[in-house]
Amino acid sequence: MTSKPPRNGAPHGTGAPGAGKPPGAPPGAPRPASFDELDRKIVAALIDNARTSFAEIGTAVGLSATAVKRRVDRLRDAEVITGFTATVRPSALGWRTEAYVEVYCDSAAPPRRLAEVVRNHPEIAAAMTVTGAADALLHVRATDVAHFEEVLERIRDEPFIRKTISYLVLSHLLPDSAEAGARRAAPDDPPADATILP
């Protein structure tokens, strides 16, 4: 068996290319992951603190550091673990206003068109299609209320968006959740009359 080359500088488990994939799976598709209770404990430890060492996790779950690393590499290779990041207090990065926006579209707006649009607005921290009356739900961060109003105007300017309903966030009831953090710094001076490209 041969070692797979590292992706993004991170080591992976071993295995022949395509090994364990279902017949007809496209090249590069993740292999189905076997996910046992030890894997769940390891993933839970990394979600709680991604800087936890393999040795610390091994002590907690009853494995050696090497065995933990092999499992983490396998879970990364199978794309169960998709990456590691830091959760940062949004206000420290300049995001002081947060809202959720329901988006209502004309009938001719497929999800892929919505995806193209939301990528053009870096203030949108998350976006998803939803059931119910609204077509999509956007999680928006802004530097202040004026900036949020400007973002909302840009979103409403998209030709297929019929209306929006906004809900400003007052506080987080689960302040330690990943949703409460921010992934990027706020712009120093967001333009008021143009779409900001990432």
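Me: How much space lies in the largest pocket?

Reply: Rolling a probe the size of a water molecule over the atoms shows where empty space is left. In this predicted model, the largest pocket holds about 1,100 Å³ of space. It is lined by 36 residues, and those closest to its centre are Thr85, Ala86, Thr87, Ala178 and Arg183.

Me: Which helix and strands each supply at least two residues of that lining, and how does the lining divide by class?

Reply: Helix H1 (37–48), strand S2 (124–129) and strand S3 (136–142) each supply at least two residues. By class, the pocket lining comprises 18 nonpolar, nine polar and nine charged residues.

Me: How many cavities of 30 Å³ or more are counted, and what is the volume of the largest cavity?

Reply: The count comes to one cavity of 30 Å³ or more, and the volume of the largest cavity is about 40 Å³. Its lining consists of Val103, Leu114, Val117, Val118, His121, Ile124, Leu138, Ile155 and Ile161. Helix H4 (residues 111–118) provides the largest share, three residues. Eight of the lining residues are nonpolar and one is polar, with no charged residue.

Me: What is the average pLDDT of the chain, and where is the pLDDT below 50?

Reply: Where pLDDT is low, the predicted coordinates should not be read in detail. Here the chain averages a pLDDT of 81, and 78% of the residues score at least 70. Over residues 1–26 the pLDDT is below 50, and this stretch has 34 contacts in the model beyond near neighbours in sequence. Residues 191–198 also stay under 50, with 17 contacts beyond four places in sequence.

Me: What is the order of the strands in the sheet, and which strands stand at the edges?

Reply: Strands of a sheet pair through backbone hydrogen bonds, either parallel or antiparallel. In this model, four strands form an open sheet in the order S2-S3-S1-S4, with antiparallel pairing. S2 and strand S4 (161–168) are at the edges with a single partner strand each, so one side of each is left without a neighbour in the sheet. From one strand to the next, the twist averages 20°.

Me: How many bridges join S2 to S3, and over how many do S1 and S4 pair?

Reply: Five bridges join S2 to S3, which run antiparallel; alanine 127 has leucine 138 in S3 as its bridge partner. The hairpin of S2 and S3 has six residues between the strands, and there glycine 132 takes a positive phi near 95°. Strand S1 (residues 97–105) and S4 pair in the antiparallel sense over seven bridges. Valine 103 stands opposite threonine 164 in S4. Valine 103 also belongs to the lining of the largest cavity, as does leucine 138.

Key. Residues are numbered from 1 along each chain as its sequence is written. This is a predicted model: local features need pLDDT of at least 70, side-chain atom pairs count only at pLDDT 80 or more; totals for chains, interfaces and linings use all residues. Side-chain values use heavy atoms; hydrogens and water are left out. On a 1 Å grid over the protein atoms alone, a cavity is a set of points where a 1.4 Å probe fits but cannot get out, and a pocket is an open set with protein on both sides within 12 Å along at least five of seven lines; lining residues have an atom within 4 Å of a point. Grid points are joined across faces, edges and corners, and a volume is the space filled by probe spheres set on the points. Ala, Val, Leu, Ile, Met, Phe, Trp, Tyr, Cys and Pro count as nonpolar, Asp, Glu, Lys and Arg as charged, and the others, Gly among them, as polar. pLDDT is the predictor's confidence in each residue, from 0 to 100. Contact means heavy atoms within 4.5 Å. Two strands pair if DSSP finds at least two bridges between them. Axes are lines fitted to C-alpha atoms, for helices over the stretch in contact, and angles run from 0 to 180 degrees between N-to-C directions.
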